[in-house]
Each structure stands twice: as C-alpha cells, then as structure tokens.
Amino acid sequence: GAQFFDDPILARYCADYGERTSTNWQTPQSFAQVSRRQISASNVTTAERSISMSKLFPRCQVIPQPDHQVSIRIDGSERTRWHYGNQYPRPFFFPFNGPSGETLTRMGHPGASNHDHHRSVWFAHHKLLGIDFWSDNTDARIRQKEWLVFEEGDDRAILATRLGWYDGHEPQELLDQIVIAIFRPAADGET
C-alpha cells in the first residue's frame, strides 16, 4: 500500500494505481518514478492533483526517459535532456532550452555536411593520445559507465556521471571523466 504518504489524496492514488498495475509501493522513491501523466490520468480532481503534485514533485526534476535519456525540468518545463545511449559516439545534452522554451543549440551544422558530429552540448577532444574523439569518422567512443548523482529538489537538479573514453580497438579505458551538471532556477524563467 501507500502508507508512507501522509497525504490521503496521494495514498488513494497510489492504492488505486498499485491495484491496476500490480505495483507494490514500498518507498517514496518507487512512487517518484511515476510520471505526471499517470497522475493526471488518475481519478483525483484538478484541485486535489495540484496540491498533491506540489508536495510530491520538486520544482527541479531529473526524469528518466526511454532510449537512455534523462530530462531535466524546472517548473515542469524541460530545460535540457542528457542522451547517453550507445547509438551515439558520445553523450550530449539536447535540446538546451532558453526561458522561452526554444532551443539555444542545434544538432549538426546547416550547410556543412562534415559537421554531423555537432550534437548541441557535448564533451570530446580532437586528439587525445593521438586518437580522434571529436568526429564521427572514428572508432573511438565515449561511454557512460555509471550514475554518481541523480538528485532533485526545489532549488536545484543535479546529475553526475562517470564516462569512459575508449579507442574502439582495445577494451581498456584510456580516460576516466566525471561530468557534473547542476541546474538552478533563476529569475524570469532562466536556468
């Protein structure tokens, strides 16, 4: 059941959702994996939902998405998304949205077909130990190895990950990198 909630509206939703999906809510963290859409589809009223969601969801969120992606949202609006799947040569952030919601970065480079490796905000180097990690025309890859921090809160969202740099030929790692990204809400919708 949902006895860990002191909010009867959330407890009612958890019990209803758990019965429909055979989900066993053991901790608040297990419930936090439920998306806002699932809560919106529940049988609670709009007033109940807005009160309960403000208690359940922090202002700054780190939300796992399909296909090895994580959405960073502030006040419900996506500010950026971390892509770390093996289908890409290296992890990157895209989109990187401004206060208007429009992206400030792009994928690729219009008019330059040899710039398809430009993926918004990313970390690489043209020559590391003589190996090209910059372009897509190489076997070298940068892979996410583990999550170090995955934190949400009302004043910030943090994600930190450990990346390994591999030449594409040998299994041993050439470089160990830690990426830490902190997102804080600012005035006028800026991050």
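A: Two strands pair if DSSP finds at least two bridges between them. Strands (E, at least two residues) and helices (H or I, at least four) are DSSP runs, numbered from the N terminus. This is a predicted model: local features need pLDDT of at least 70, side-chain atom pairs count only at pLDDT 80 or more, and totals for chains, interfaces and linings use all residues. Residues are numbered from 1 along each chain as its sequence is written, and side-chain values use heavy atoms, with hydrogens and water left out.

Q: What does Asp-67 do in the hairpin of β1 and β2?
A: Asp-67 takes a positive phi near 60°. This hairpin has three residues between the strands. β1 (residues 60-65) and β2 pair in the antiparallel sense over six bridges. Within the pair, Ile-63 stands opposite Ser-71 in β2.

Q: How many residues lie between β2 and β3 in their hairpin?
A: Two. Asp-75 in that turn has a positive phi of about 55°. β2 and β3 (residues 77-83) run antiparallel, joined by six bridges. Here Arg-73 stands opposite Glu-78 in β3.

Q: Why is strand β2 described as largely enclosed?
A: Start with the cut-offs: buried means under 20% relative accessible area, exposed over 50%, and partly exposed in between (1.4 Å probe, protein chains only). Five of the six residues of β2 (residues 69-74) are buried, so the rest of the structure largely encloses this strand.

Q: Which residues have the most contacts inside the largest nonpolar core?
A: A nonpolar core is a set of buried Ala, Val, Leu, Ile, Met, Phe, Trp, Tyr and Cys residues joined through side-chain atoms within 4.5 Å. The largest one has 22 residues, and those with the most contacts inside it are Val-70, Ile-72, Trp-82, Phe-133, Ile-142, Leu-159 and Phe-183. β1, β2, β4 (92-96), β7 (157-166) and β8 each supply at least two residues of this core. Its largest share, four residues, comes from β7.

Q: Is Asp-136 buried or exposed?
A: Asp-136 counts as buried, because its relative accessibility is 19%. Asp-136 sits in the loop between β5 (121-122) and β6 (141-151). Its side chain makes a polar contact with the side chain of Arg-90 (3.4 Å). A polar contact is a pair of N or O atoms within 3.5 Å; within protein, one must be able to donate a hydrogen and the other to accept it, and residues adjacent in sequence count only if both atoms are side-chain atoms.

Q: Where is Ile-182?
A: In strand β8. Ile-182 counts as partly exposed, at 46% relative accessibility.
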